[in-house]
Amino acid sequence: MLSTAYTRATQGIDAPLVSVETHLSNGLPAFHIVGLPEAAVRESRDRVRAAIISSQFEFPMTRITVNLAPADLPKTGGYYDLSIAVGILSASSQLPAAELESYELVGELGLNGELRGERGVLPIALAAKRAGRALIVPESALAEACLVKGLTVYGARHLSQVCAHLCGMERLQMGEVERRVEAPTLPDLGDVRGQSQAKRALEVAAAGGHHLLMVGPPGTGKTMLASRLPSLLPAMSDGEATSTAAVQSISRQGFNVKNWAIRPFRAPHHTVSGVALVGGGTVPMPGEISLAHGGVLFLDEFTEFARTTLEVLREPIETGRVTISRAARQACFPARFQLVAAMNPCPCGYRGDPKRACRCTPDQVDRYRAKISGPLLDRIDMHIEVPRLSEAEIMGKAPLGENSASVAARVSRARTFQQRRQRCSNAHLDSNQVEAFCALDEKGQSLIQQAMSRLGLSVRAYHRVLKVARTLADLSGSDAIRSSDVAEALSFRQP
Ligand SMILES: [Zn+2]
């Protein structure tokens with residue numbers, strides 16, 4: 001007497017298939033779960049037994065062996081309960097075994113047979129859809145599973161409802177795709193007075209997907225500017241929205257379906273631990289950089305972060321993903337974020353300020369700047385100064401700027417050019433593509449060569465300047481990069 005039910009494990013943001021094979025044989029009553037399950041899975045034995053009895057079914061008084069295959073897949077959590085219970089009921093002929101072929105089941109069981117759990121359902125739903133099976137989830141997870149278009153998904157509150165459905169007695173309600181349709185309300189660039197160069201830099205960063213470093217004294221609105229970046233970025237495609245939601249779904253706080261297709265803005269404090277920033281833990285969890293996937297990662301007081309923590313950012317900045325290795329297992333999470341970093345120009349904050357004198361020695365300034373390594377700085381495409389506001393600006397006399405919607409329209413046009421030309425944003429061009437798409441005329445060449453020797457730019461930084469120049473040309477609808485684009489791109493490379 002054998003039955004097979006299907007469920008899924010989570011591994012990074014993948015959800016590999018787990019076959020739950022249940023075998024009943026004569027012998028002294030016993031209940032074993034094999035397939036290297038961890039302690040949490042062993043506990044599910046007690047929950048499954050109690051839930052089956054509470055649901056008015058018979059718990060078979062024979063030798064029960066449940067095998068979760070493949071055995072070498074690490075398994076945690078209680079999501080296997082439902083498939084184990086259904087497998088036992090099917091192997092003991094209390095449910096039709098043939099039905100199980102076309103379903104995948106996830107959910108933790110309470111002792112009374114109630115179904116629970118919602119975290120991490122989205123990656124499972126995506127995988128079930130690819131496998132062409134219907135999915136049964138706890139009702140609390142139904143809204144999230146419904147975000148996957150083309151998946152047949154049912155929500156249930158109780159084990160007995162799942163059984164009634166599989167017997168064809170009373171079908172479960174099918175979930176319907178309900179996605180937020182109205183545009184989200186985001187902080188608007190129009191609220192920011194003055195700072196026209198910084199606003200221009202934000203537009204360029206948005207248009208090409210460039211990382212941005214803002215250097216300026218405290219109180220000049222660096223945080224306010226950074227928080228406006230999401231409102232300038234183009235609407236998310238279905239694929240982008242799905243991968244952003246999937247990585248949040250497996251995080252500790254889970255995914256809120258209200259945030260569907262909203263680009264995240266994450267601003268972790270500088271005291272954040274390395275694990276919280278990049279991800280980790282015994283069961284690897286995504287960190288802030290992955291929660292910012294598809295959106296903006298804002299690091300204020302950039303120099304105050306632990307240097308070792310910041311250096312770990314080099315890999316994801318380059319590759320858009322982060323690999324976390326722990327003794328027993330490895331996990332890979334997407335981390336394609338746009339970095340906006342902000343720092344003071346010196347320890348006291350007033351270097352270059354026309355009104356207040358800086359008391360720092362050149363030595364102190366050097367030490368302060370050296371907290372951010374050269375290789376990390378090289379990877380940030382644009383470095384700008386955000387100076388103190390003029391009196392008129394502080395008094396609110398400066399005109400308010402353009403609002404986000406009209407800037408976003410230009411950004412969107414520039415992004416369309418990039419997609420047509422190279423199928424990615426300018427920030428993600430590799431070095432061969434830079435050669436191909438960022439050619440300069442003679443005047444542009446000589447401009448950049450002078451700057452390279454004057455600023456001591458590395459090859460990596462040189463490529464970044466070219467990419468920013470490419471974005472400037474795209475913003476003005478020009479096929480060729482003009483020398484004025486090169487000059488402006490260099491102005492976004494303040495030493
Ligand atoms: Zn100072």
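Author: Residues 24 or more positions apart account for 73% of the contacts in the chain with a separation of 6 or more, a contact being heavy atoms within 4.5 Å. This is a predicted model, in which local features need pLDDT of at least 70 and side-chain atom pairs count only at pLDDT 80 or more, while totals for chains, interfaces and linings use all residues. Residues are numbered from 1 along each chain as its sequence is written, and side-chain values use heavy atoms, leaving out hydrogens and water.

Reader: What makes C346, C348, C358 and C360 the donor residues of the zinc ion?

Author: Donors are N, O and S atoms within 2.8 Å of the metal (3.2 Å for Na, K and Ca), with water not among the atoms, so sites may look incomplete. The SG atoms of these four residues lie at 2.1 to 2.4 Å from the zinc ion, and are therefore donors. Their spacing in sequence is C-x1-C-x9-C-x1-C.

Reader: Why is the arrangement around the zinc ion called tetrahedral?

Author: Four donors count as tetrahedral if all angles lie between 85 and 135 degrees. The four donor atoms here subtend angles of 104 to 113°, so the arrangement is tetrahedral. The ideal angle for four tetrahedral donors is 109.5 degrees.

Reader: How do you know whether C346 is buried or exposed?

Author: Buried means under 20% relative accessible area, exposed over 50%, and partly exposed in between (1.4 Å probe, protein chains only). C346 has a relative accessible area of 0%, so C346 is buried. Buried residues make up 52% of the 495 residues in the chain.

How values were computed:
Four donors count as tetrahedral if all angles lie between 85 and 135 degrees; four count as square planar and six as octahedral if opposite donors are over 155 degrees apart and all others between 65 and 115; anything else is irregular.
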